[in-house]
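Please look through the following notes before using the coordinates. They take up confidence, fold, core packing and charged pairs in turn.

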Amino acid sequence: MSQAISDEKKELAYKQVFAIYAKYGFEKISMDEVSARINISKATLYKYFKSKEDIVKHMVRNITAHMDSMSFTTDGGINAVLDSIRSCYRKAVLVTVQAGSVFMADLKNKFPDLYREYITAFVHNRFQDFYKDAVKKGYCRNSYIQFVSI
């Protein structure tokens, strides 16, 4: 009888890999250590993640989905605009701090496509559209558009 991995265990796997990654880098992640840390067999872990690269891919996809779920609005005046910007900034900082510089360097060097996907999540089209609308309504200056465009 096969042991199923729950969404909770998957989330725990992501967190454990982030913790290992932030401290040691990609080369030090082992499927043995991940499976031990989340208390499942290595065989079960491999049923859901083909490799440690696959776990990294899932981590990036989780982060990008989280960033894509943010909402921005220029309706409601300057306070709504500022709240949207604060929310985006907080989430970006939290994700970046959690990921760490080792993760970002490895992601950029070992997984350039995932790195672009990760960076794009922070400066996605919805945020650019929000910023342009805020400029049009006079809440932001157009001269700062380079900060939200990559």
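Which elements of the chain have the lowest and the highest mean pLDDT?

1. Confidence. The model is predicted. Helix α1 has the lowest mean pLDDT among the elements, at 74, and helix α3 (residues 42-48) has the highest, at 85. For the chain, the mean is 75, and 77% of the residues reach 70 or more. Where pLDDT is low, predicted coordinates should not be read in detail.

2. Fold. The chain contains seven helices and zero strands, which gives the pattern α-α-α-α-α-α-α along the sequence. Of the contacts between residues at least 6 apart in sequence, 65% join residues at least 24 apart.

3. Surface. Of the 150 residues, 39% count as buried. The accessible surface comes to about 8900 Å², and carbon and sulfur atoms account for 52% of that area.

4. Main core. The largest nonpolar core has 27 residues. Those touching the most other members are Tyr21, Val34, Val56, Met59, Phe103 and Leu107. At least two core residues come from each of α1 (7-24), α2 (31-37), α4 (52-68), α5 (78-110) and α6 (112-122). Beyond its neighbours within four places in sequence, Met59 is in contact with Tyr14, Val17, Phe18, Tyr21 and Phe103.

5. Another core, of seven residues, lies apart from the largest one. Its members include Phe72, Val81, Phe130 and Ala134.

6. Charged pairs. The whole structure has seven salt bridges. One of them joins Glu27 and Lys110, at 3.4 Å from N to O. Glu27 sits in the loop between α1 and α2 and Lys110 in helix α5, 83 residues apart. Glu27 is exposed, because its relative accessibility of 55% is over the 50% cut-off. Lys110 is partly exposed, with a relative accessible area of 35%.

7. Helix to helix. Glu117 and Arg61 form a salt bridge at 2.6 Å, N to O. Glu117 belongs to helix α6 and Arg61 to helix α4, so this pair ties together parts 56 residues apart in sequence. Both residues are partly exposed: Glu117 has a relative accessible area of 25%, and Arg61 has a relative accessibility of 39%.

8. Lys137 is in the segment after α7 (125-136) and Asp75 in the loop between α4 and α5, 62 residues apart. Salt bridges with shared partners join Asp75, Asp133 and Lys137 into one network.

Technical notes: Residues numbered from 1 in each chain as written. Predicted model: local features only at pLDDT ≥ 70, side-chain atom pairs only at ≥ 80, totals over all residues. Heavy atoms only, no water. Core = buried A, V, L, I, M, F, W, Y, C linked by side-chain atoms within 4.5 Å. Buried < 20%, exposed > 50% of the residue type's maximum accessible area, 1.4 Å probe, protein only. Helix = DSSP H or I, 4+ residues; strand = E, 2+ residues; numbered from the N terminus. Contact = heavy atoms within 4.5 Å. Areas by Shrake-Rupley, 256 points an atom, 1.4 Å probe, with all protein chains shown as cover. pLDDT = per-residue confidence, 0-100. Salt bridge = Lys/Arg side-chain N within 4 Å of Asp/Glu carboxyl O.
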